[in-house]
Amino acid sequence: MNSNLLILPILLPLLCALLLVFTKNKNRVSKILYIGTMTVNTLISLALLIYVMNHKPITLDFGGWKAPFGIQFLGDTLSLLMVTVASFVVTLIMAYGFGPAEKRVNRYYLPTFILFLTTGVIGAFLTSDLFNLYVMFEIMLLASFVLVTLGQSIEQLRAAIVYVVLNIIGSWLFLLGIGLLYKLVGTLNFSQVALRLDDVHNNEMVVVIAIVFMIAFGSKASLVLFMWLPKAYAVLNTELAALFAALMTKVGAYALIRFFTLLFDQHPNITHPILVFMSCITMIIGAFGVIAFKDIKKIAAYQVILSIGFIILGLGSNTFAGIHGAIFYLTNDIVVKTLLFFIIGSLVYMSGYREYKYLYGLAKREPFFGVAFIVMIFAIGGVPPFSGFPGKVLIFQGAVQNGNYIGLALMILTSLLAMYSLFRILFIMYFGDADGEQVDYNPLPAHRKGMIGILTVAVLVMGLAAPIVMNVTKNATELNTNDAYFHHLVNPHLKEENK
């Protein structure tokens, strides 16, 4: 397969974003453009993933300059799996629509900024260079800053300030880590960095740099540094909340997985226990959040934080099973959290309220929501045969192998609390309670129910067809945990030069 095809998943949404600027007064044309572009992007990404699974990773060296001298993009199973799932959910998010402002979204360039954000996310997944990763993060964050601040409420402006400040600090730490790492090893290409770090004798400096990246990516993923997430997600519209929940924290989690399997694996007795500790704190924060609030949008926001704790627990175990579970659960969580925010946002739209006591009797009038809600709860809780089960079993196995029994106990307890917090909403939807109030529900457009239905089916398929998905995630784990195998397939010439 021509390696130039690897640029398409980045190029298509970027070109479409620019084209939408000139069609802002043509809503129908714009909608066909951005939904069609993301559909094609999903299919191309899936085709690339299938090719890589059957052959080997694809590398694209711009200008014909081989790494480490040129800009390199890497399409391996991990990156292309993330790109495929991200493109899929963005397609559904854009097809879901933009609420009451549907006719005005092009005027405010909302689809354009969503596609800019998507370009940054996909670029972050595909790049094989640290500075390019920083550039892609900044593209993603600049677009997200605009999307967060598009509103006129005081609550949204306050949330935007917290979001912007914390992410700027995270970006500064990321840039600091890049500078320190370049000074230490003299390169920024992933493959060459990994090779040279193995030969560095200044162990203290390697650990310090690893911790800097840990904090930088942790702030993006809401690992302990969670303050921006509940405030921002609670004030966003349904489609933007789903977009942020599906992608923003997941890019940070992806970067942590990539860095602490491929690059910073020299001192796992120091770095990985810190990751486990941070995951435990994150799970506790998420558990308190899902129980403490009656605002269903804030409950959903803390569910996102909780899932990040599960993913990093698997990574921190530094076992094949744990890392495999982290990658599987990360993939699953992109889809499940999109479904969660679609459902929660739809409930707010239909009832006009954000507290779950106003959802009395909704599931009896709309049984569809009851079914989708139950599927989503069981997927989040990791109940077999739903899609959350394989990832949690693997993380469980990794935690046992590494003796992370406190983290394991917290994962089990917080999973039950996560399910309990959502079952409270479901019971009100079906039966109500003494404090519940009957309200007149707004009808939800049929196409939005269709998007929720597609995601519900996707969650069911990921659970029932788990062996197929696990074959992909296992391949991704093998490539990123075996340095020699990675260098042999991706940049064998760098390995020869390093000898």
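Disulfides, to begin: a search of the whole structure finds zero of them, where a disulfide is a pair of cysteine sulfur atoms within 2.5 Å. Buried means under 20% relative accessible area, exposed means over 50%, and partly exposed is in between, with a 1.4 Å probe and protein chains only.

A note on the source. This is a predicted model, in which local features need pLDDT of at least 70 and side-chain atom pairs count only at pLDDT 80 or more, while totals for chains, interfaces and linings use all residues. Residues are numbered from 1 along each chain as its sequence is written, and side-chain values use heavy atoms, with hydrogens and water left out.

Next, the second largest pocket. The grid has 1 Å spacing over the protein atoms alone, and a pocket is an open set of points with protein on both sides within 12 Å along at least five of seven lines; a lining residue has an atom within 4 Å of a point. The space in this pocket is about 520 Å³, where points are joined across faces, edges and corners and the volume is what probe spheres set on the points fill.

What lines the second largest pocket? There are 19 lining residues, and Leu46, Leu81, Thr84, Val85 and Val469 lie nearest the centre. By type, 15 are nonpolar, four are polar and none is charged. Here Ala, Val, Leu, Ile, Met, Phe, Trp, Tyr, Cys and Pro count as nonpolar, Asp, Glu, Lys and Arg as charged, and the others, Gly among them, as polar.

Which helix gives the largest share of that lining? Helix 2 does, with five residues. Helices 2 (27-54), 3 (77-96), 13 (320-351), 18 (446-464) and 19 (466-481) each supply at least two. Helices are DSSP runs of H or I, at least four residues long, numbered from the N terminus.

Helix 13 also holds Thr331, which is buried at 2% relative accessibility. Leaving aside neighbours within four places in sequence, Thr331 is in contact with Leu81, Met82, Val85, Met462 and Thr473; contact means heavy atoms within 4.5 Å. Tyr349 is 18 residues from Thr331 along the chain, and their C-alpha atoms are separated by 28 Å.

Thr238 is in helix 10, residues 238-263, and is buried at 14%. Beyond four places in sequence, Thr238 touches Tyr96, Phe341, Phe342, Gly345 and Ser346.

Now the largest nonpolar core, which has 173 residues, with Tyr233, Phe264 and Phe373 making the most contacts inside it. Helix 10 gives the most to this core, 19 residues. Such a core is a set of buried Ala, Val, Leu, Ile, Met, Phe, Trp, Tyr and Cys residues joined through side-chain atoms within 4.5 Å. Phe264 touches, among others outside four places in sequence, Leu181, Leu197, Phe213 and His272.

Last, the backbone. Pro384 and Pro385 are joined by a cis peptide bond, omega about 5°, and Pro385 sits in the loop between helix 15 (367-381) and helix 16 (388-402).

Two residues other than glycine have positive phi: Ser222, near 65°, and Asn318, about 55°. Ser222 lies in the loop between helix 8 (203-221) and helix 9 (228-235) and is buried at 1%. Asn318 is in the loop between helix 12 (296-316) and helix 13, and is partly exposed at 35%.

Definitions and conventions. On a 1 Å grid over the protein atoms alone, a cavity is a set of points where a 1.4 Å probe fits but cannot get out, and a pocket is an open set with protein on both sides within 12 Å along at least five of seven lines; lining residues have an atom within 4 Å of a point.
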